[in-house]
Amino acid sequence: MNRSLHTIAAVVLMTAAAPSAVAQEAAQEIRIVLPEQPANLEPCGTIITNVGQILSQNVVESLTVIDPNSGQPQPKLATEWTSVDPTTWRIKLREGVKFQDGTELNADAVVFSINRMISGKLTCSNIAKFGDAKLTLTPVDKLTVEIKSDRPEPIMPTLLSVVMIVSPKTPVDQAVNDPVGTGPFTLSTFSPRTVVLDAFDGYWGNKPQITKATYVWRPESSIRAAMVETGEADLTPSIAIQDASNPETDFAYLNSETTAIRIDAAEPPLDDLRVRKALNLAIDWEGLAQLFGDDVKRASQMVVSGINGHDDALEPWPYDPEEAKKLIEEARAAGVAVDTEIKLIGRNGIYPNGAEAMEAMMTMWQDAGLNVKLTMLDVADWLRYLQKPFPAERGPNLLQMMHDNNKGDAAFTVPIFYRSSGSYSTLADPAFDKQIDEALAATGEARTNSFKAIFGKARNEVVADIPMFHMIGYTRVGTRLEWKPDITTNSEIPLANIAIKD
Amino acid sequence: MTIITPDIKPAAVPGSGRVLFAYLKRDRLALAAAIFLAIVVIAAVLGPWLVGDAASRLGLRQRNLAPFSLASGWIYVLGADTLGRPILARLIVGAQNTFGIAAAAVFASMLVGGTLGLIAGYSERWYSHLILRLADVVMSFPSLLLALIVLYTLGPSITNLVIVLAVTRMPIYLRTARAEVLELRERMFVSAARAMGAKPARIIIRHIAPLVLPTLVTISAIDFATVILSESALSFLGLGIQPPDFTWGAMVANGRGYLATAWWIAFWPGLAIMLTTLSLNILSNWARTLADPQQRWRLQTLRKAAR
Amino acid sequence: MSNATILKVEGLTVDFLSDDQPVRAVDDVSFHVSRGETLVILGESGSGKSVSTSTVMDLVDCPPGDIVAGSCLFDGVELSGLGAEARRSINGRRIAMIFQDPLAYLNPVYTVGRQIEEVYESHGAESGKGARAKTIELLRRVGIPEPQNRVDFYPHQFSGGQRQRVMIAMAIALKPDILIADEPTTALDVSVQAQILDLLRDLQRETGMALIMITHDLEVAASMADRIIVMNGGKVVETGIAREVFSNPQHPYTRRLIAALPHGNAAEAPNRRSTAIAGETLLKVEHLTKHYELASGAFSSKRTFKAVDDISFEVRRGETLGIVGESGSGKSSVARMLLGLNAPSAGKAVFAGENIFDMNGKRLMAFRRKVQMVFQDPYGSMNPRMRVYSIISEPWVIHRDILPKDRWKARVAELLELVGLLPEHAERYPHQFSGGQRQRIAIARALASEPELIVCDEAVSALDVSIQAQVIDLLADLRTRLGLSYIFITHDLPIVRHFADRIMVMKDGRIVEEGQTAALFGAPRHDYTQSLLQAVPQPKWLTQAQ
Amino acid sequence: MISYLGRRASHSILSVIGLLTLVFFLTRLTGDPSALYLPLDSTAEARAAFARLNGLDQPIHWQFLGYLRDLLQLDFGESLRQNRSAMQVALEAFPETLKLAVVAITLSTALAILVGSLAAARPGSIFDRIASLVSLVGASAPDFWVAIVGILIFAVGLGLLPTSGTGSWAHWIMPTFVLMLRPFGLLVQVVRGTMLSALASPYIKTARAKGLPRQKIIFGHALRNSLLPVVTVAGDLATSLVNGAVVVESIFGWPGIGKLMIDSIIQRDFAVVQSTILVTATAIFILNIAIDLLYAVLDPRIRY
């Protein structure tokens, strides 16, 4: 009796309060328009941009997060970590965290999540960051987990930023589209039109100001920009440079992507150092930069500043067409077949204005006296040239590529590109391999310096590639919102960081 | 429309160039269309020789230069594209690929589709049925998607583009040719040839094909327009012609990102496509009027008798 | 018969505008018609007879038509320059019109009932049930069986004669003052033609309407006309009381026309030989049969249609066999089988000692040289894209051994001269010739392979009367000069009468009567033959006299 | 009639099977999907595991036999991309396109019939010339170009319509308009042409001789007879509407099957490609049969 009275009173109160609550809530809802429909919402695929931008730190959370400025791992679901020995790390978990289905976060849940990732029973993109390392998980106590790997893993805390912790009730052998994590938002709708996230009341951290986020997708940049302009959407994470025309709403951010051309150093005439240098010198970098916007940064190496191992002092190649022509003549004089047709392999849609850039570079190299011919390929065909094993009879080729290292450490870059075993590498220099192996095993200051040395060698002595630019992304943020993009925006848009102006 | 066909023989049989030109002069729209097409064809033939260099020369200082300014030279009168290349020069050079691809595709589909249609129409053997089923398969599948799959399989080169466009347009010719043959093979001159002992091959080639051809050519004029549009749609989806080669369709597709900021990049090639297809349509309308004895008078100078 | 003139056309001149030069279709034509009277406008194709009546009905589109001068006074009202509404109240209500080809002139997608009801409704005479009842009544009147059911049929579900009856019903629905009939029986078989003409006469008697009948057929004209005007080249060349015009034509053109008319007197057949031909047998046909399987529905068993049902006959060398029959009698199927265009269901045809249906390869080719065909439609039987030279020389391309190539040109010229054309015609296209000339080219082509037998399938039916006679003369001449044999297939009795040595009458795929021409015409034994002979229209003044 | 339908259906099923076979082998020739589904830095081991997991390690003819076997059990496979039944993905998208296509083709046909017959009623008039020009321009404009310009003008410039997406009726206006352009343009030409020849036909002469009012002659007699070729062309256009739908759907964010097909081809999501083809091809065959039946309704001379 008494109890039902209470209930009635509560209902009445709630009803009375409802209008204002609804009104307020309406104001706390935002719409985000993405360039692409997320294929699925499997938390194991958050390193894929369109999945990560919805799920990461919103629905599911990782053990650590990377600080965009320093590149160092910061606590998230893990509060502290210690290296017991070179192959073992001990992770301490946050207390009092609940999954959205009510389950508690504990060591078992973390072990479950990581085991699910490495089980091989479902396609897990995130696990690729660990390479071929074998991990063994042990719960030490309720909130402590021990991770063992089969070889030293000095950057384990950094790697843990891709480990998304999911509820132990998640199926082990099957990818899901209804992830349950510990984040401040729960997934309420996933349809071919839209994804809707609702605030999760039981969140362990600070309650975000936003109560509901709706995600839609449009492939055309101009339309995304228009949607924010007309107020149909509040935020779009990436628009083309030409659409970023309004300084009040459009923000540029260094997006951790580095564009480059890989020189196939194994194929003549590209096996000649003079030709490789000439390729770097023949480009009108200032002119080319106009394609990507004023804020774009000329690159001298394959990682952006803020990543451990980036060398700020390394100078990018200048534009010196005379020198380039001279080098080519020298090579010709030395008997190098500089007139051989060189294939410039571009990829459709790799980044905005990518095809234009290739056309421009082709023309510049032709002006320098090289016989460069552009071929634009679709992703799958392009991949055959990017990755080993390379196609037989590939011939001398230059490959358009873009590298995205937002994981804080050059270890995600150097071995793939420069070690002879690296899947993108065309080099075969045992001395360089040894130098790389040493750097990977090093820690602290020594690690940083070794990587700097490697980038220096790649730039000056090997000239294995043509670094182009550290790319800029543009977001358009509606005037209603208080938010600025940063280097992590390509992989996550934490709704908790978005404030609504009054 | 004439309800009564005058019981007189047509005064002039359209056919000779002079007569055709006389008819053309009387339809100003068709004349304009013909002149436009002639200019474009001349541009397509001579373009690369005239302005080939300008079309591929980078002018990063002239990026997205607005049109109607002669400050950078007459060649920039229509503005410049994202790499600062003059749009006028690119239009002229692009005409060659645009027309070349469309013409090759239309010709190939007319030839193959027409031949298959002749066979399927004249013969009732098993291969006629096979041909028809194949046409069904192609027809029952949206052409753009077929094009995509084939281009993904074969890789986007100009040759493959032509093949794909030809294959997707082929059923039109096949069906039309077959329908005509079904009618023609019952005509008396075909019976006469058969009674004379003519072999099927001779009947098809000598008697039926020449009569089917005009219809197919009429269709091809409109199809030419369709192919140009399909090619541009493929470019929009990233599978059309690949840089550094370009067509008008590819120019529109590349410029679409700049419609809000530099409209001219996509506008001029779009206008060129539209005017070309419009001209082809107008001319084929004109040809249809000319071919129809009941409508031909519309293209004639009508002079009344003195009262 | 009232003498009140209801329509008076005066000085009508109509041009068709064409490139630079208007073409005069009707030139200063005047005529008038009274209630109850039948006026026949007689003329060959291109004479302007249809244009003049279409102008009265306002069916000529201007442009390209151009009414240069003239007045049409209908019941005291000047028709030219009448407003659309006033015009509409006359068309269909006061003046009605029927046309040559009712299948084309009836809207194929509406039931005949609907199309007749429309007349009542659009003139505000009747609507709904009333219109339907009247329509059924009307259909009964024009002789459609079971009108209450057939009213919901579509035009294609009627026979040709019935369709013309429907057209007539539609025209007389509102009891018009004038009925214009434009070649109403041209496409019909003789027996059906007779019925339609009877119907028109009866209706005219009942309603007292004026009838303007346009025809190219002198017999039809003679059987219907009270008065007649003869047109040629857009001009009226002769006008007068029918009987007088026929018995005493004034204008040379009329005289020529009437001379071409086959006369009742069989003795005057110049192209027929009086004696029976006693040559060897060239072609012997035995038990020839052609069955067609009709498309079967889901629940009905297959039906077979016997186009040709077990016929046997023979043709002697030098003989002309006439095969006479109405449409659907199977006469054309016989021709197509003999030419190897269709395969027979059963039977054989022995030509020069060998069954042609068993031939193939070389022998068939040899046979094809020996038997040629001349088709009905001189417009359709020649490839419009080929020059006359290519058309005539085609047999030599196919049969390489007939003539060495260097002699083709000379031989084409010879053949053209043989059929009465000029050698320089070889460079022209078929459309540059008139119908009669084209048929001459077709004959030249048939002669090119030096045949022994020529099958003529309705070879002169599509031609104007005066031209028909010329072509028949040519065929007869060639017969004597080249010793040819003919199978001459036609629906038109008078024509074979003057040309064939022997006649075979076909009906429903069977031979009903066969015999020497004179005997058959003199004393037809079979009912069908008799009715065919009787169906030939007789002059009105003769029937009235009776 | 029934035997006709049976024959048509069996032809259709044969064609669909042919199509599916063709597409099966063609798509498998386009390359290994693992490159697209796994991050660039995945190990060879992970790639092999991926291939094994999705049955891509089998020889292609075994894959095909497996596909056929599953097909017989109405199992259309799993989407690689979306982690769910491929047929479910296709069937979810299909109605969205269907709705748009039905509205577009109905409206454009109706409008084209009106404009085309009015133009044919007075050939050479100002209306005729304008209608011809407008319709030809409509048929000649690249649709993606019109779509983007439309958004820039009506949504951004004037703020009258939403830029894209689904929801209210206002969301329908621009996609429908863009999709209608080409069918409308072509159909006006067809209607005008067939109307001109219908108006020159003998039965129209009869109707005039009967004294029928002008509207009745044009709309009652001429138009009714012109409908047959119009239906044929409209049917073909409806088939190719999926082409336009690809562009419209991707620009306006309309979650239809055209966009799905393109995406799944680009993503090598084979099971979805097959399912979307099965769905659209079936729809097109049903459409074709419906058109044949419509012929019989429109023309009493046609009986099957």
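User: Two strands pair if DSSP finds at least two bridges between them. Which residue in S4(C) is the bridge partner of Leu7(C)?

Analyst: This is a predicted model, in which local features need pLDDT of at least 70 and side-chain atom pairs count only at pLDDT 80 or more, while totals for chains, interfaces and linings use all residues. Residues are numbered from 1 along each chain as its sequence is written, and chains are lettered from A and ligands numbered from 1 in the order in which they are written. Helices (H or I, at least four residues) and strands (E, at least two) are DSSP runs, numbered from the N terminus. Strand S1 (residues 5–16) of chain C runs antiparallel to strand S4 (residues 65–74) of chain C, to which eight bridges join it, and the partner of Leu7(C) in S4(C) is Phe74(C).

User: Which strands stand at the edges of the open sheet in chain C?

Analyst: The open sheet of chain C consists of four strands in the order S2-S1-S4-S5, with antiparallel pairing. Each edge strand has a single partner strand, so one side of each is left without a neighbour in the sheet; these are strand S2 (23–34) and strand S5 (77–78) of chain C.

User: What is the radius of gyration of chain C?

Analyst: Chain C contains 21 helices and 20 strands. The globule rule gives 24 Å for its 546 residues, and chain C comes close to this, so it is as compact as a globular protein of that length; its radius of gyration is 26 Å. The radius is taken over C-alpha atoms, and the globule rule is 2.2 Å times the number of residues to the power 0.38. Along its principal axes the C-alpha trace spans about 75 × 60 × 45 Å, whereas the radius of gyration asked for is 26 Å.

User: How far apart do the C-alpha centres of domain 1 and domain 2 of chain C lie?

Analyst: The bounds come from an automatic or database domain assignment. For chain C the assignment gives domain 1 (1–94 + 210–259) and domain 2 (315–541). Their C-alpha centres lie apart by 36 Å.

User: How many residues of domain 2 of chain A are in contact with domain 1 of chain A?

Analyst: Chain A is divided into domain 1 (31–217 + 478–500) and domain 2 (255–471), whose C-alpha centres lie 33 Å apart. In the contact, 18 residues of domain 1 of chain A meet residues of domain 2 of chain A numbering 13.

User: What percentage of the residues of chain B count as buried?

Analyst: Chain B has ten helices and zero strands, and its C-alpha trace spans about 75 × 65 × 30 Å along its principal axes. A residue is buried if 20 or more other C-beta atoms lie within 10 Å of its own, exposed if 12 or fewer, and partly exposed in between, with C-beta atoms placed from the backbone. In chain C, buried residues make up 47% of the 546 residues. Of the 307 residues of chain B, the buried part is 55%.

User: Which helix gives the most to the side of chain D that touches chain B?

Analyst: Of the five pairs of chains in contact, chains B and D share the most contacts. The contact takes 41 residues from chain D and 39 residues from chain B. With ten residues, the helix that gives the most on the chain D side is H1(D).

How values were computed:
Two residues are in contact if their C-beta atoms, placed from the backbone, lie within 7 Å.
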